[in-house]
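Here are my notes on the two-chain model you sent over. Have a look at the structure first, then read the points below alongside it.

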Amino acid sequence: MIEPEKIAEQVRMCAACPKMCRHVCPTFFAWRSDAPTPHGRALLMHQDVVGTRDIDERGVEVLYQCLECSHCLTWCKPEIDIATLVEIKRRSLVSKNRQPTGISELVSLVKDNHNPFGEDHSKRNNWIKTKKLKGKKILYFTGCTAAYREKESAQDTVSLLEQLGFSVELTPDEWCCGSPLLRTGNQEAGLELAAHNVDVLNAVDAEEILVTCPGCYRVLTTDYPENGHELNKPIRHVSEFLKHELNKLPTGSLDGGVTYHDPCHLGRHSDVYDAPREVIKRVSGSPIVEMERTRDNAMCCGNGAGLRTLFRDYAKKIGAERINQAKTTNAKYLVTSCPFCKEMLDAQSDDTLTVLDLPEFVMMISKGRDVKTD
Amino acid sequence: MLDEKSKKKAYERILKIVGEEHITVQETDKILNAHDAWPLSEAKIRAGEILQLADMIVFPGTVEEVSKTLAVANEMKIPITPVGGGAGTCGGTVPVYGGIQLDLKRLNKIYEIDHNSMLVRVQAGVVGIDLEEAVNRHGYTTGHTPTSLRASNIGGFIATRSGGSMSSLYGKIEDLTLGLQLVLPNGSIVETKAVPRHSVGPDLRQLFIGSEGTLGIITEATLRLFPIPEERRFRSITFPDVHSGLEAIRKIFRVGILPSVVRLYDPEDAALSFSMHFEFEEGHCMLLLAYDGDSKKIDIDEQQSLQICLDEGGVDQGEGPSKRWWEHRYDMYYPTRLTTGGYAIGDTIDIVATYDKLENVYHAMKEAMEAEDAVVMSHFSHMYQNGGSIYMIFFTSQPDAEIAWETYKRIWDVGVAACLREGGTMSHQHGVGLSRSTYTEDELGSSFSVLKQIKDVLDPNGIMNPGKLGLGVRK
């Protein structure tokens, strides 16, 4: 919780800055206007705080033209986290029922279906094939994107865990983690999901919880405990999990270079940068060809914090730019460690660049090796 | 401000040119786009004031759209305020008489690099850092690295006649710009050919470099490139006083050495900037030098310039302070709690003068500004064979807004007056904008009428950035 005085000080400083971070802001890239920029958001909030001017309807729109990717924070000497300040302001807007219609619809979709896609909850993860193995029990929290949109990633995650000797547990009762709601200011609705998921996940007999989606990872490890929803098992992201199994991972060689896209929620928000890189290096036998903007300076894929829901074309424009950045490395494979990023980036890519989520990449190597061995 | 009927008519006509997505009359957009980084604007915003707003903002995507928009504005006599990166420090983009803010950020294409001639053609809305990174990939640098590099754009560089921290070697933007495309107030598109030198009459390109949007709108430029230097080496020397430091600088240039960075900090600025990190004699000045290029040539230049400094009473401080400045050169641009608290306001008067006048200008300005309740610290930077610039940095904090803005104005008035009295020129690289607009006539003297006559011919309706550069001030 940030004190109101601290918020006032931070938005004042950001509103007085000559835009030292704007050049990396993905929404500035997409709109080429000073409105959807960290400085623009801060100025709106500053005028609201000091009473110069209330936030009008367009101001609300500007505050939702933010990916909450925190790329600006990497370039901010005074370390002002506009993403967090925007999220706090969004909560206030939601409490006054002033959020954009598209966000209200998103909340309804999640409430009704337990996922933001409006898909049938009963088909969430019952299609994933699991074997009943005797290894250490790992509870795989599927997440909505892998469950409904990136099914290969979900199945490959399970197959990979089983190949490593683990027994994979799934629960059909998991709901959306709440990330899309929490990031768009719908805290109450998001925490209802948290309460449900904590009850469900805590009741499953498993030694730890594994997630592949960094959005889920962040809420399970940060938002849930910060709001009193404690999980009774350790939570690990698949990249960190695989890093601990490095010597057991399949290895092989590839017919082209590999570059890596850092998901915002995994990198900047959870400080996980090395684990996916170590996994990729181990299984492919060669180091990553890094993009110019990488690690804490990586550009967002364009999908976050409701932007795709509200401004689809602009989100795609950002995703397409990230693909352009990946292509300048001449890599043949773009690996990320997030099904949500993968979905956006894959949709913006073409035949010259194959986009894969980390479990898919490892399983592709695994299958390749098997073919060669046979 | 426009009356509602004119505003509606202009909006409808321009909407057909740029499309609905690229024109706005929303108050929020107008507020968020209204200002640049003029310290007075920033202080007023912090204090809760709303600056003058445009009637609408237009974001053209092509030079043709700029042309058609200007033609409409000219016909309807609507003020046009061009906006680049919005990083200027003089209020040049504040639409003091309303009208249209023409924001050029969508003109952001980097065209081809001519490797033979070492040139790059680029649109006006490209942000400086994006161009620098793009040419770096091909082994070049633009040589133009102002502190605002991440926020300012090419059109703004040229319109304000800007300078980077390495202008001693690479030159200012007027030296780096070979060709221009611009749109005149009547909508005609004009190009000046990109050639290294010519003898075909006056250099019309230079007429528009520094014109701050008062004569037309720069839409494209052809800029010089330099190979990324093999090495950039740093050296620092302290001097007992400003005079000996300046003498050393003058003699370094006199023997033909061109360091890329030359910055002499006066005792106050040296203490603030370096005493926390380095040990040196209290009350001494700090000279920072950098050399770009071939390592063997740097060896010779560095030794020779060091000897000149030692002969002038300098003490060698190694690479430390100079290198640290380079690595942290953007830090001072960020706001802090102190500089944004209450009614605090600081600014820089970046004057320029020849060596024979430089010290007198420095002492006269410092004395005059300090008499007006300003904390003043200075460094001499952007130095050349015949003279250089002084950054007269001042800071004041006052109990309320009215006193703060008045004090700020008085410091400016006495500072510029002292500069002009001692034979200096009031800006080296920041431009004029609003902050210096009222001093322009005194600065240019007999040549001001020439500028005014040119303005009257090119912009008979006075639509282009009125109120800036001492031109088009309305009652």
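1. How many residues of chain B are in contact with chain A? There are 32 of them, and they touch 28 residues of chain A; contact here means C-beta atoms, placed from the backbone, within 7 Å. Please keep in mind that this is a predicted model, where local features need pLDDT of at least 70, side-chain atom pairs count only at pLDDT 80 or more, and totals for chains, interfaces and linings use all residues. Residues are numbered from 1 along each chain as its sequence is written, while chains are lettered from A and ligands numbered from 1 in the order in which they are written.

2. On the chain B side of that contact, the elements giving two or more residues are helix 2 (27-33), helix 3 (39-46) and helix 5 (128-136). Helix 2 of chain B gives the most, with five residues. Helices (H or I, at least four residues) and strands (E, at least two) are DSSP runs, numbered from the N terminus. By type, the chain B side has 13 nonpolar, nine polar and 10 charged residues; Ala, Val, Leu, Ile, Met, Phe, Trp, Tyr, Cys and Pro count as nonpolar, Asp, Glu, Lys and Arg as charged, and the others, Gly among them, as polar.

3. Chain A has 18 helices and seven strands. Its radius of gyration is 21 Å, close to the 21 Å from the globule rule for 374 residues, so chain A is as compact as a globular protein of that length. The radius is taken over C-alpha atoms, and the rule is 2.2 Å times the number of residues to the power 0.38.

4. Of the 374 residues in chain A, 53% are buried, that is, with 20 or more other C-beta atoms (placed from the backbone) within 10 Å of their own. In helix 14 (residues 274-284) of chain A, the buried residues include A:Val279, A:Ile280 and A:Val283. A:Gly285 follows helix 14 of chain A and has a positive phi, near 75°.

5. Strand 13 (residues 261-265) of chain B has five of its five residues buried, so it is largely enclosed by the rest of the structure. One side carries B:Val261, B:Arg263 and B:Tyr265, and the other B:Val262 and B:Leu264.

6. Strand 13 of chain B pairs in the antiparallel sense with strand 14 (residues 285-293) of chain B over five bridges, and also antiparallel with strand 17 (residues 375-383) of chain B over three bridges. Pairing requires at least two DSSP bridges between the strands. B:Val261 has B:Ala290 as its bridge partner in strand 14, and B:Arg263 has B:Ser381 in strand 17.

How values were computed: A residue is buried if 20 or more other C-beta atoms lie within 10 Å of its own, exposed if 12 or fewer, and partly exposed in between; C-beta atoms are placed from the backbone. Two residues are in contact if their C-beta atoms, placed from the backbone, lie within 7 Å.
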